[in-house]
Amino acid sequence: MTSRRNFLGFSGMSAVLSTVAATSAQAKSTVTPDTNMSNKSNKELGYNPVRTPNGWTLPYTEKDGVKEFHLIAEEIEHEFAPGSTAKCWGYNGTTPGPTIEAVEGDRVRILVTNSLKEHTTVHWHGLILPSGMDGVGGLSQPQIAPGETFAYEFELKQNGTHMYHPHADEMTQMALGMMGMFIIHPKEPEPIDRDYCLLTHNWAMHPGTSRPDPSVMVDFDLWSFNSKVFPAIESIVARTGERVRIRIGNLSMWNHPIHLHGTSFNVTGSDGGRWPKSAWRSESTEIVGVGQTRDIEFVATPGDWAFHCHMSHHTMNAMGHDIPNPTGVNMRGVEEKIRDHLPGFMAMGENGMAEHQQHIDAGHHPGPANTLPMMTGSGPYGPIEMGGMFTTVKVRDDIAPNDFSDPGWYNPPANTIAKRISRNPNYGNPPRKPS
Ligand SMILES: [Cu+2]
């Protein structure tokens, strides 16, 4: 049995697993740096376009007053972060599929071509529409067979943060990455300077393999925002004082308590649109449940602020769950004996797991092929020891309104960084609870 969460470093096992070879896929996943696919100004659009970090927005053509979009369901080659690629399923070359963006009152026609080898449908999650447009295979429409194209057409009767996903062999198709965001702007523009959207997901990408395993229900290996994991998730960038909204959708198998450092945000909306102010809640962590969307808004304050799921295993990459607890165990001597059976075995974890990244970074400990280290990433002060659903909100005083490029690391004002004042382990006299 392959143990997924492999933090003890079974490089012997990795040699076996690395024989799983990748084959060619039908389409290459590409990241479009500029996610706004429209050449129109915000004024012409009538809204401030949403930005999908690491993703993109689906262009449309206007035909007789109808906005026509075209999705194609297909197998793709996807990179979670450099060092881990997989054959996934998605739309128009990517997972998540492109963000669909329109305005309340629009009539939309969405063509769906099926380039998979099994049938599919698309369900417009949270949208108010005729029953026959709801996309549940067998219930509301016939399945879209391989090679066929179906047309969905309906009027957008609401605004808010919505999603789309298959309602056909849903367990497999979603596990392999078929999902996307569907943003409907209100007719009246909202006072938001930067509008981001992130779709959360989980992947059973067992070490050394190259296809997500759809049978896994709880113990996943990779946790993603827009199908990317740290350190490959783009930063959320803003200028000091701007009003930022982050729309978060969840089509994964877990709830995600999403936490932002350095500010108290308001939870301001969902698939029900932007709530009345009386319904806003001031929070620092908001659980986005499976099948839910939540919008958070805050005024940007300068700094590099961590933004992540607060389930601590959701900010790690692949590791092994089914191993004995090494914490506090002196494995010297035993390590040699295990090496007879597992060549290259390296004991880790006696004093905590931070040494994992040190060994990986130093090249002592090559992991299985096509598998990201459990903890990774470097900041200006050393290893960040994260993975999965972790990125940064980067706020600076001098960022132009439409500049989304990464400004690098924050340079804090003098005397505002925590600093070392002693190396003496017996320094001071910290109080302990009297026994
Ligand atoms: Cu989570």
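**Group meeting: a walk through the predicted model**

Asn415 lies in the segment after strand S23 (390-396); strands here are DSSP runs of E of at least two residues, helices are runs of H or I of at least four, and both are numbered from the N terminus. Residue numbers start from 1 along each chain as its sequence is written. This is a predicted model, so to speak of local features we need pLDDT of at least 70, side-chain atom pairs count only at pLDDT 80 or more, and totals for chains, interfaces and linings use all residues.

Back to Asn415. Its phi is positive, about 65°, although Asn415 is not a glycine. Is Asn415 buried or exposed? Asn415 is exposed, with 6 other C-beta atoms within 10 Å. The cut-offs are these: 20 or more other C-beta atoms within 10 Å of a residue's own make it buried, 12 or fewer make it exposed, and in between it is partly exposed, with C-beta atoms placed from the backbone.

Asp64 is also not a glycine, and has a positive phi of about 50°. Asp64 sits in the loop between strand S1 (61-63) and S2. With 7 other C-beta atoms within 10 Å, Asp64 is exposed.

Next, the whole protein. Its secondary structure comes to five helices and 23 strands. The C-alpha trace spans about 75 × 50 × 40 Å along the principal axes. For 435 residues, a compact globule would have a radius of gyration near 22 Å, and the protein agrees with 23 Å; the radius is taken over C-alpha atoms, and the globule rule is 2.2 Å times the number of residues to the power 0.38. Of the 435 residues, 42% count as buried.

Now the core. A nonpolar core is a set of buried Ala, Val, Leu, Ile, Met, Phe, Trp, Tyr and Cys residues joined through C-beta atoms within 7 Å. Which residues touch the most other members of the largest nonpolar core? They are Phe182, Leu222 and Val229, out of 77 residues. Strand S2 (residues 66-81) gives the most to this core, with six residues.

Leaving aside neighbours within four places in sequence, Phe182 is in contact with Ile100, Trp124, His162, Met163 and Tyr164. Contact means C-beta atoms, placed from the backbone, within 7 Å.

Last, the cis peptide bonds. One runs from Thr95 to Pro96, with omega near -10°, and Pro96 is in the loop between strand S3 (84-91) and strand S4 (100-103). Another joins Phe230 and Pro231, with omega about 10°. Pro231 is in the loop between strand S11 (222-225) and strand S12 (236-239).

Terms used: Two residues are in contact if their C-beta atoms, placed from the backbone, lie within 7 Å.
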